[in-house]
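Visitor: I am new to this structure. Please take me through one part of it closely, and then show me how the side chains around it meet.

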Amino acid sequence: MKDVVGNPLRLKSVNHISLICKSLDESINFYQNILGFIPIRRPGSFDFDGAWLFGYGIGIHLLQIQNPENIPMKKEINPKDNHISFQCESMGLVQKCLEEMKIEYVRALVEENGVKVDQMFFHDPDGFMIEICNCDNLPVIPLAGDMVRSCSRLNLDALQQQMPQVVNQI
């Protein structure tokens, strides 16, 4: 019964996010060649232009807007804006690549109980915010009654061993 109470809709996972775009080709290029998504088959019954991409267990559905001038362009990179976040293997490599591609970004650092999480924020061609981080360094600690979790299976054992120490510090 607990599963029903905590998950009344019986959700299983995030499937995709949909993003409107001014230029389908530019957006496909960005998500494919910069973020590493792969194009996948999109149902032919849609009566509007778009593209589906998939990677990292989530789909990106790009929707071509009919009046591209109506999309307000965000210039300022604001880490507090709506965004999607991806974990990476090497923040140094990400920074190097972004600089080589001349993509403007903002760095941030989250520090909690001696655990540091590096973040980089930048925009896609339409101003949607992308975050790249090493967020799996930060344990996911439920507010009540559940076990410690990690965004990464690799760090779960280490986090569970550190849990008594982390809980005592909070």
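This is a predicted model: local features need pLDDT of at least 70, side-chain atom pairs count only at pLDDT 80 or more; totals for chains, interfaces and linings use all residues.

**Contacts, buried and exposed**

Guide: Glu100 is exposed, with a relative accessible area of 53%. Start there. The side chain of Glu100 meets that of Lys96 in a salt bridge, at 3.7 Å from N to O. Both residues lie in helix α3, which covers residues 91-100. They are four residues apart, about one turn of the helix. Lys96 counts as partly exposed, because its relative accessibility is 49% and exposed begins over 50%.

How many salt bridges are there? The count comes to three. Another one joins Asp118 and Arg107, at 4.0 Å from N to O. This pair links distant parts of the chain. Asp118 sits in strand β7 (residues 115-123) and Arg107 in strand β6 (residues 106-112), 11 residues apart. Asp118 is partly exposed at 24% relative accessible area. Arg107 is partly exposed too, at 39%. Then comes the bridge between Asp81 and Lys74, at 2.8 Å from N to O. Asp81 has 21% relative accessibility, so it counts as partly exposed. Buried would need under 20%. Lys74 is partly exposed, with 39%.

Now turn from charges to rings. One contact involves both. Arg42 lies over the face of Phe48, at 4.9 Å from the ring centre.

Next, rings with rings. A pair of aromatic rings is described by the distance of the centres and the angle of the planes. The count here comes to eight aromatic pairs. Take Phe37 and Tyr56. Their ring centres are 5.3 Å apart and their planes stand at 80°, so the pair is edge-to-face. Edge-to-face applies to planes over 60 degrees apart. Phe37 lies in the loop between α2 (24-33) and β2, and Tyr56 in the loop between β3 (50-55) and β4 (58-64), so the pair ties together parts that are 19 residues apart in sequence.

Are these two partners buried or exposed? Phe37 counts as buried, because its relative accessibility is 1%. Tyr56 counts as exposed, because its value is 58%. The pair also belongs to a wider group. Ring pairs link Phe37 and Tyr56 with Phe30, Tyr31, Phe86 and Phe122 into a cluster.

Which residues of α2 are buried? They are Leu24, Ser27, Phe30 and Tyr31. These residues cover an arc of only 130° around the axis, which puts them on the same side of α2. On the other side of α2, Asp25 and Asn33 are exposed.

Ile38, Ile40 and Phe54 make a nonpolar surface patch of about 260 Å². Ile40 lies in strand β2, residues 38-40. Its relative accessibility is 35%, so Ile40 counts as partly exposed.

Terms used:
Residues are numbered from 1 along each chain as its sequence is written. Side-chain values use heavy atoms; hydrogens and water are left out. Patches are made of residues with over 30% relative accessible area and no salt bridge: like charges are joined within 9 Å, nonpolar side chains (Val, Leu, Ile, Met, Phe, Trp, Tyr) within 5 Å. Accessible areas come from the Shrake-Rupley method with a 1.4 Å probe; for residues, only the protein chains shown count as cover. Helices (H or I, at least four residues) and strands (E, at least two) are DSSP runs, numbered from the N terminus. Buried means under 20% relative accessible area, exposed over 50%, partly exposed in between (1.4 Å probe, protein chains only). Rings of Phe, Tyr and Trp (its six-membered ring) pair if their centres lie within 6.5 Å; planes under 30 degrees apart count as stacked, over 60 as edge-to-face and the rest as tilted. A charge sits over a ring if NZ of Lys or CZ of Arg is within 6 Å of the ring centre and within 35 degrees of the ring normal. The arc is that of the directions from the helix axis to the C-beta atoms.
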